[in-house]
Amino acid sequence: MKTEIVGRIREQKALMEYMDSKESEFIAIYGRRRVGKTFLVREMLGDSFAFYVTGMDNVSMQEQLLNFNLALRKSSGKEWTIAPNWLLAFDQLASYLDTLPRGNKIVFMDELPWMDTHKSGFVSALEHFWNAWASARRDIKLIVCGSATSWMIDKLINNRGGLHNRLTHRMLITPFTLQECEWYFRSKSISYSRHEIAECYMVMGGIPFYLNQMKKGLSVAQNIDRLFFEEGALLGNEFDNLYRALFKYSEKYIKVVETLAVKGKGLSRMELIKQSGLANNGGLTTMLKELETCGFIRRYEPFGKLKKDALYQLVDFYTLFYFKFILKNRYKDNHFWTASQGSPVHRAWSGYAFEMLCLCHIRQIKKALGISGVQSLVSSWRSDNAEEGAQIDLVIDRKDQTVNLCEMKYSIAEFAIDKKYDAVLRNKLAAFLAETKTRKSIQLTFVTTYGVKPNAYSSRVQSEVLLEDLFVEA
């Protein structure tokens, strides 16, 4: 078996445990487009497949069945008649697997949602294949994979029919962490500093396909221009392709993220409905859950608020970058990003994107603070007093009667607290204590790129987390 994989340590371990079990397994692997689902399975198990098929996008049922038949011929080395329906196609697959010698038989069906064409009966046939045949054995390892997250969740994970509770495992493949990105660039002999890797992450997140397009010998800014802003750029049309591949009726999902992109700190459900024009129904609930599952948005309850006061916030790096810059590149400037370096708009974006970076690495922040084993809730807080305008973007509410109020600051050197900003901090702390009436101990924590510069005001900071702390395993 191949193991030429960067990172994915937990996922590799889990997949091998499933393969080594003494029972038949039905494993659903899902996650956003370009995140490396297929690569993981093929690199680990590619020499061991008894059967492997990839669904075809936007073709008829007959073409899907022909594709399935060709895959069966290739795997078995025998001729098979083209099945007229999925029930018989899966029966042929079972007949072929029955002829194989003792031992595990790994069946990998990639881009499974594409096979489920309108009124094809595909899901019912898959149910019958698993329930009536495969699950009764001990040697079938059925791995299904798909980027169409809404389909994977609705038809498999939350299935209320014949596949209800039939999945033995589900595996959500998430973007790389900063540490995995560093490993990845090293494997490609690309020598970026951690500051440069962080800026790359703030543009495109830890998506392996995007990272793989970074060209050795070019700066991060030059690569971003090449990938997103040059005429005919490889990722120039990625936005529409991304959402179309993930979600059915993608225009509604795009409307959600488009609306959330306007309000950086997030919107309540009712605010989202009012500003987007979307209906307040179960369909919106489903969309929000699926967007959250994929990591495009996060749902959180502000400190001291109830569940009904939850806010939805756009946290996908590429989507944020798209709305902020790609969509607004009116002049079609091939060197837009390089020219933007150090500009006010770049500084404003980098500050917000760094906050998102921190939110994606909460485990690393807790480890740096020495509180990995302390149960805690992560939220934010904003004053109910509109005139105060005070807000804290990261609050770690700990079970040990302590609250970390975190300020996240992105800079190219040590961050200096001046007299004006010290007054802002004092106002925030006073407003937080007055409005929340918390009796817990308060710690002011700074998460910065290179630390807080010692001066007359720095003593207010009780704990620090540096960018390099976000690169550790947690």
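Author: First, a definition: helices (H or I, at least four residues) and strands (E, at least two) are DSSP runs, numbered from the N terminus. The model is a predicted one.

The loop to start with is the one between strand 3 and helix 5, which holds Glu-111. The phi angle of Glu-111 is near 50 degrees, a positive value in a residue that is not glycine. Is Glu-111 buried or exposed? Its relative accessible area is 15%, and buried means under 20%, so Glu-111 counts as buried.

Helix 6 itself runs over residues 122–133 and has 12 residues. From its first C-alpha to its last it reaches 16 Å, close to the 16 Å expected at 1.5 Å a residue. Its buried residues are Phe-122, Val-123, Ala-125, Leu-126, Glu-127, Phe-129, Trp-130 and Trp-133.

Tyr-96 is buried, at 6% relative accessible area. Leaving out residues up to four places away in sequence, Tyr-96 touches Ala-50, Phe-51, Leu-72, Ser-75, Ser-76 and Trp-80. Ala-50 and Tyr-96 are 46 residues apart along the chain, and their C-alpha atoms are separated by 9.4 Å.

How far is the sulfur of Cys-181 from the closest cysteine sulfur? The distance is 6.9 Å, to the sulfur of Cys-200, and that is too far for a bond. The cut-off for a disulfide is a pair of cysteine sulfur atoms within 2.5 Å. Cys-200 is therefore in no disulfide either, with the sulfur of Cys-181 as its nearest. A search of the whole structure finds 0 disulfides. Cys-181 is buried, with a relative accessible area of 1%, and Cys-200 is buried with a value of 1% too.

Next is a pair of helices. Two packed helices are described by the angle between their axes and the distance between the axes. For helix 9 (residues 194–204) and helix 18 (residues 344–359), the angle is about 90 degrees and the axes are 9 Å apart. That angle makes helix 9 roughly perpendicular to helix 18. Helix 9 makes the contact with Ala-198, Glu-199, Tyr-201, Met-202 and Val-203. On the side of helix 18, the residues are His-346, Trp-349, Ser-350, Ala-353, Phe-354 and Leu-357. Sorted by class, the contact has 8 nonpolar, 2 polar and 1 charged residues.

Met-270 is placed in helix 14 (residues 269–276). With 52% relative accessibility, Met-270 counts as exposed. Met-270 and Asp-309 are 39 residues apart in sequence, and their C-alpha atoms are 9.9 Å apart in space.

Arg-382 belongs to strand 9 and counts as partly exposed, at 31% relative accessibility. Not counting residues up to four places away in sequence, Arg-382 touches Lys-263, Gly-266, Leu-311, Ala-390 and Gln-391. Glu-258 and Arg-382 are 124 residues apart in sequence and 23 Å apart, C-alpha to C-alpha.

The buried residues of helix 20 pack against strand 9 (376–382), strand 10, strand 11 and strand 12 (441–448). These buried residues are Tyr-421, Asp-422, Leu-425, Lys-428, Leu-429, Ala-431 and Phe-432. Helix 20 (residues 419–436) has 18 residues, which should span 26 Å at 1.5 Å a residue, and its end C-alpha atoms are 26 Å apart, in agreement. After helix 20 comes Lys-437, with a positive phi near 55 degrees.

Finally, the loop between strand 10 (391–398) and strand 11 (402–409) holds Gln-401. Its phi is near 65 degrees, again a positive value in a residue other than glycine.

Methods
Residues are numbered from 1 along each chain as its sequence is written. This is a predicted model: local features need pLDDT of at least 70, side-chain atom pairs count only at pLDDT 80 or more; totals for chains, interfaces and linings use all residues. Side-chain values use heavy atoms; hydrogens and water are left out. Axes are lines fitted to C-alpha atoms, for helices over the stretch in contact, and angles run from 0 to 180 degrees between N-to-C directions. Angles under 35 degrees count as roughly parallel, over 145 as roughly antiparallel, 65 to 115 as roughly perpendicular and the rest as oblique. Contact means heavy atoms within 4.5 Å. Ala, Val, Leu, Ile, Met, Phe, Trp, Tyr, Cys and Pro count as nonpolar, Asp, Glu, Lys and Arg as charged, and the others, Gly among them, as polar. Buried means under 20% relative accessible area, exposed over 50%, partly exposed in between (1.4 Å probe, protein chains only). The expected span of a helix is 1.5 Å times one less than its number of residues.
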